[in-house]
Amino acid sequence: MSGPRETEEGGRPLLLSIDATVCTGAGTCEAMHPELFRVGAEGHAVVSRTELTDSRDIEAATGVLDVCPTEAVRLTRAAPSGEPEAQAP
Ligand code: SF4
């Protein structure tokens, strides 16, 4: 298992998002890190920041990604163009 995902790889941020098609809205993410996640009126989680560069935010998002029961949390590394490149390791 690798350590916390870092931004040193080209200095590109990690992009955080939620796959609303699989999120159940149960709120584990919000309970763990309300500074990053909240369950919206639509019934699924939304993120308060989409580009993560702070190591604490990245660790928090990684922790939620590891426990989300539906694997709805997406953490990808931004491509140089700003488009998502690939699922972070
Ligand atoms: S923990 Fe996962 S399934 Fe639950 S509300 Fe958050 S993103 Fe959705």
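A cavity is a set of grid points, taken over the protein atoms alone, where a 1.4 Å probe fits but cannot get out. The model examined here is predicted, and a search of the whole structure finds one such cavity of 30 Å³ or more. The volume of the largest cavity is about 130 Å³. Its lining comprises 15 residues, of which Cys23, Gly27, Thr28, Cys29 and Cys68 are the closest to the centre. By class, the lining of the largest cavity consists of ten nonpolar and five polar residues, with no charged residue.

The largest cavity is also the space that the ligand takes. Around the ligand stand 13 residues, and the closest of these are Cys23, Gly27, Cys29, Cys68 and Thr70. The shell around the ligand divides into eight nonpolar and five polar residues, and charged residues are absent from this shell.

The fold of the chain may be described next. The chain contains two helices and six strands, and these elements follow one another along the sequence in the pattern β-α-β-β-β-α-β-β. The chain has 89 residues, and 36% of them count as buried.

Several individual positions illustrate how parts of the chain are placed relative to one another. In the segment before β1, a strand that spans residues 14–18, lies Arg12. Arg12 counts as buried because its relative accessibility is 16%, and a residue is buried when this value is under 20%. The side chain of Arg12 reaches the backbone oxygen of Ala78 at a distance of 3.0 Å.

Strand β5 covers residues 73–78 and includes Thr76. The relative accessible area of Thr76 is 14%, and Thr76 is therefore buried. Although Thr76 and Leu14 are 62 residues apart along the chain, their C-alpha atoms are separated by 5.5 Å.

Helix α2 is formed by residues 55–67, and Val64 is found within this helix. With a relative accessibility of 1%, Val64 is classed as buried. Between the C-alpha atoms of Val64 and Phe37 the separation is 9.5 Å, and the two residues are 27 positions apart along the chain.

The loop between α2 and β5 holds two further positions of interest, Glu71 and Ala72. Glu71 is exposed, since its relative accessibility is 59%, whereas Ala72 is buried, with a relative accessible area of 1%. The backbone of Glu71 has a phi near 55°, a positive value in a residue other than glycine. Most residues other than glycine have a negative phi. For Ala72, the C-alpha atom is 5.3 Å from that of Cys23, and 49 residues separate the pair in sequence.

How values were computed. Residues are numbered from 1 along each chain as its sequence is written. This is a predicted model: local features need pLDDT of at least 70, side-chain atom pairs count only at pLDDT 80 or more; totals for chains, interfaces and linings use all residues. Side-chain values use heavy atoms; hydrogens and water are left out. A residue is near a molecule or strand if one of its heavy atoms lies within 4 Å of it. On a 1 Å grid over the protein atoms alone, a cavity is a set of points where a 1.4 Å probe fits but cannot get out, and a pocket is an open set with protein on both sides within 12 Å along at least five of seven lines; lining residues have an atom within 4 Å of a point. A molecule sits in a cavity or pocket if more than half of its atoms lie within 2 Å of its grid points. Ala, Val, Leu, Ile, Met, Phe, Trp, Tyr, Cys and Pro count as nonpolar, Asp, Glu, Lys and Arg as charged, and the others, Gly among them, as polar. Helices (H or I, at least four residues) and strands (E, at least two) are DSSP runs, numbered from the N terminus. Buried means under 20% relative accessible area, exposed over 50%, partly exposed in between (1.4 Å probe, protein chains only). A polar contact is a pair of N or O atoms within 3.5 Å; within protein, one must be able to donate a hydrogen and the other to accept it, and residues adjacent in sequence count only if both atoms are side-chain atoms. Grid points are joined across faces, edges and corners, and a volume is the space filled by probe spheres set on the points.
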